[in-house]
Amino acid sequence: MKLIFLGPPGAGKGTQASRIEAAYEIPQLSTGDMLRTAVAAGTDIGKQAKDIMARGDLVPDEVVVSIISERIQAADCANGFILDGFPRNLSQARELDSVLVEKSIDLDAVIELAVDPEILIARILKRAQETAGGPRDDDTEEALEHRLRVYEEQTAPVADFYAEKGILRTLDGMQEIDDVTRQIRSALDSI
Ligand code: AMP
């Protein structure tokens with residue numbers, strides 16, 4: 001199963017993707033996690049991404065496209081994968097398309113978790129307080145508001161891109177965590 005999880009910051013993509021990873025035995029590929037690892041390790045990519053991420057902006061397309069195109073060709077992705085946090089704009093979606101065509105890989109579904117923007121800030125600030133090791137650099141109220149704006153302006157159009165391909169499934173991300181998981185599993189089981 002080759003999947004993309006789409007949704008604004010705080011929609012629950014990471015939580016749900018890790019549940020689907022376990023249930024379907026396919027790796028969750030989070031560009032945010034990969035970039036945070038690079039920042040913590042002080043690699044060249046990490047140095048390039050650090051300040052951009054702290055502000056809540058998007059790191060350059062070529063950085064994430066090259067990370068993901070390499071990663072989805074690894075042996076553990078042979079049966080599928082979940083892209084969590086990628087693509088984040090139309091140009092990344094188009095680049096991903098070319099990589100998938102070149103590798104003869106078909107996406108099965110794009111799962112969009114729809115959440116009322118008003119509850120997102122409260123959700124993320126709560127997550128920040130509960131995160132072991134302290135909040136993320138971009139979990140300040142200012143960076144958060146910026147991340148939500150970036151989502152609306154750059155990432156939301158990605159849903160239309162996949163709707164036109166007929167593979168978008170938009171689900172209600174405001175239900176209880178277990179109920180959202182049930183919705184996702186039933187959407188995937190019907191594919
Ligand atoms: P996330 O963990 O998905 O919320 O991502 C945290 C931050 O990492 C984002 O605010 C961006 O700065 C960066 N990032 C993650 N994924 C991407 C992507 N696909 N394109 C550009 N920047 C990204």
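A polar contact of 3.0 Å links the side chains of D139 and R147. A polar contact here is a pair of N or O atoms within 3.5 Å; within protein, one must be able to donate a hydrogen and the other to accept it, and residues adjacent in sequence count only if both atoms are side-chain atoms. This is a predicted model: local features need pLDDT of at least 70, side-chain atom pairs count only at pLDDT 80 or more, and totals for chains, interfaces and linings use all residues. Residues are numbered from 1 along each chain as its sequence is written, and side-chain values use heavy atoms, with hydrogens and water left out.

D139 sits in the loop between α6 (117–130) and α7. Helices (H or I, at least four residues) and strands (E, at least two) are DSSP runs, numbered from the N terminus. D139 is buried, at 5% relative accessible area. Buried means under 20% relative accessible area, exposed over 50%, and partly exposed in between (1.4 Å probe, protein chains only). Setting aside residues up to four places away in sequence, D139 touches I124, L125, R127, A128, L144 and R147. Contact means heavy atoms within 4.5 Å.

D139 also forms a salt bridge with R127, with the closest N and O atoms 3.8 Å apart. D139 lies in the loop between α6 and α7 and R127 in helix α6, so the pair ties together parts that are 12 residues apart in sequence. A salt bridge is a side-chain nitrogen of Lys or Arg within 4 Å of a carboxyl oxygen of Asp or Glu. R127 is partly exposed, at 32% relative accessibility.

The whole structure holds 12 salt bridges. One of them joins R55 and D57, at 2.9 Å from N to O. R55 is partly exposed at 46% relative accessibility. D57 is partly exposed too, with a relative accessible area of 28%. In another, R182 pairs with D179, the closest N and O atoms being 2.6 Å apart. These two are three residues apart in helix α8 (residues 177–189), which means about one helical turn separates them. R182 is exposed at 54% relative accessibility. D179 is partly exposed at 27%. Back around D139, salt bridges that share partners join R127, R136, D138, D139 and R147 into one network.

E112 makes a contrast. This residue is found in strand β4 (residues 109–114). E112 is buried yet has no salt bridge; the nearest side chain of opposite charge, K13, is 10 Å away. For charge, Lys and Arg count as positive and Asp and Glu as negative; His and the chain ends are not counted. Leaving aside neighbours within four places in sequence, E112 contacts L6, Y151, A159, L168, R169, T170 and L171.

Now turn to helix α5. At 1.5 Å a residue, its 13 residues (90–102) should span 18 Å, and the end C-alpha atoms are 18 Å apart, which agrees. The expected span is 1.5 Å times one less than the number of residues. Q92, A93, L96, V99 and L100 are buried in α5. They cover an arc of only 125° around the axis, which puts them on the same side of α5. That arc is taken from the directions from the helix axis to the C-beta atoms. On the other side, V101 and E102 are exposed. The buried residues of α5 pack against β1 (2–6), α4 (61–71), β3 (81–84) and α7 (141–165).

Both ends of α5 have a local feature. At the start, a side-chain oxygen of N89 reaches to within 3.3 Å of the backbone nitrogen of S91. Just after the helix, S104 takes a positive phi of about 55°.
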